[in-house]
Amino acid sequence: MAKRQIQDNPVVEAQRSKLAPPPLYTVLLLNDDFTPMDFVIHVLQRFFSMNRERATQIMLKVHTEGRGICGVYPRDVAATKVEQVLSFARENQHPLACIMEES
Ligand code: TYC
């Protein structure tokens, strides 16, 4: 079968899309002037399973560069992490910003 016929075949196309890996999303923290450093470290440990040393590195990266990566996940997992971080930050009256971007 010619390559063109294989590419245009809807069955082949359906199989390809079934096997395609799901898109991944990067969860990021953004810097602000008010959220305490210790709170950010706690968030990274609690929601992203980092040890204290790694969490401190990421917090300092966000503090100095404006943003930093918490992790990369399938869409639903990333969305849940963003919601959990935002709700925990608001419960504690901190303006911490957490976003997701397609990787
Ligand atoms: N810039 C904050 C401070 O000086 C610390 C901070 C770090 C805030 C990371 C948010 O995502 C953040 N207290």
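The protein chain exposes about 6,900 Å², with carbon and sulfur atoms supplying 55% of it; accessible areas come from the Shrake-Rupley method with a 1.4 Å probe, and for residues only the protein chains shown count as cover. This is a predicted model, in which local features need pLDDT of at least 70 and side-chain atom pairs count only at pLDDT 80 or more, while totals for chains, interfaces and linings use all residues. Residues are numbered from 1 along each chain as its sequence is written, and side-chain values use heavy atoms, with hydrogens and water left out.

**Overall fold**

- The protein chain has five helices and three strands, taken as DSSP runs numbered from the N terminus (helices: H or I, at least four residues; strands: E, at least two).
- Along the sequence these elements follow the pattern α-α-β-α-α-β-α-β.
- Of the 103 residues of the protein chain, 31% count as buried (under 20% relative accessible area; exposed is over 50% and partly exposed lies in between, with a 1.4 Å probe and protein chains only).
- Among contacts in the protein chain with a separation of 6 or more, 70% are accounted for by residues 24 or more positions apart; a contact means heavy atoms within 4.5 Å.

**Strand pairing around β1**

- β1 is largely enclosed by the rest of the structure, because five of its seven residues are buried.
- β1 pairs with strand β2 (residues 67–74) in the antiparallel sense over seven bridges; two strands pair if DSSP finds at least two bridges between them.
- β1 also pairs with strand β3 (residues 97–102), in the antiparallel sense over six bridges.
- L28 stands opposite I69 in β2, and its bridge partner in β3 is I99.

**Ligand surroundings**

- The residues around the ligand are L29, L30, N31, D32, T35, M37, V40, M59, V62, H63 and L96, each with a heavy atom within 4 Å of it.
- A backbone N or O atom of L30 lies 2.9 Å from a ligand oxygen atom, and a backbone N or O atom of D32 lies 2.7 Å from a ligand nitrogen atom.
- A polar backbone atom of T35 is 2.9 Å from a nitrogen atom of the ligand.
- Taken alone, the ligand exposes 350 Å², of which the protein buries 89%.
- Two or more residues of the shell come from each of β1 (24–30), α3 (37–48) and α4 (52–65), and the largest share, three residues, comes from α4.
- By class, the shell has seven nonpolar, three polar and one charged residues (Ala, Val, Leu, Ile, Met, Phe, Trp, Tyr, Cys and Pro count as nonpolar, Asp, Glu, Lys and Arg as charged, and the others, Gly among them, as polar).

**T35**

- T35 lies in the loop between β1 and α3 and counts as buried at 11% relative accessibility.
- The side chain of T35 reaches the backbone nitrogen of L96 at 3.3 Å.
- Leaving aside neighbours within four places in sequence, T35 is in contact with V40, H94, P95 and L96.

**T56**

- T56 is placed in helix α4 and counts as partly exposed at 25% relative accessibility.
- The side chain of T56 reaches the backbone oxygen of R52 at 2.7 Å.
- T56 and L44 are 12 residues apart in sequence and 8.5 Å apart in space, C-alpha to C-alpha.

Conventions:
Polar contact = N/O pair within 3.5 Å; in protein donor to acceptor, adjacent residues only side chain to side chain.
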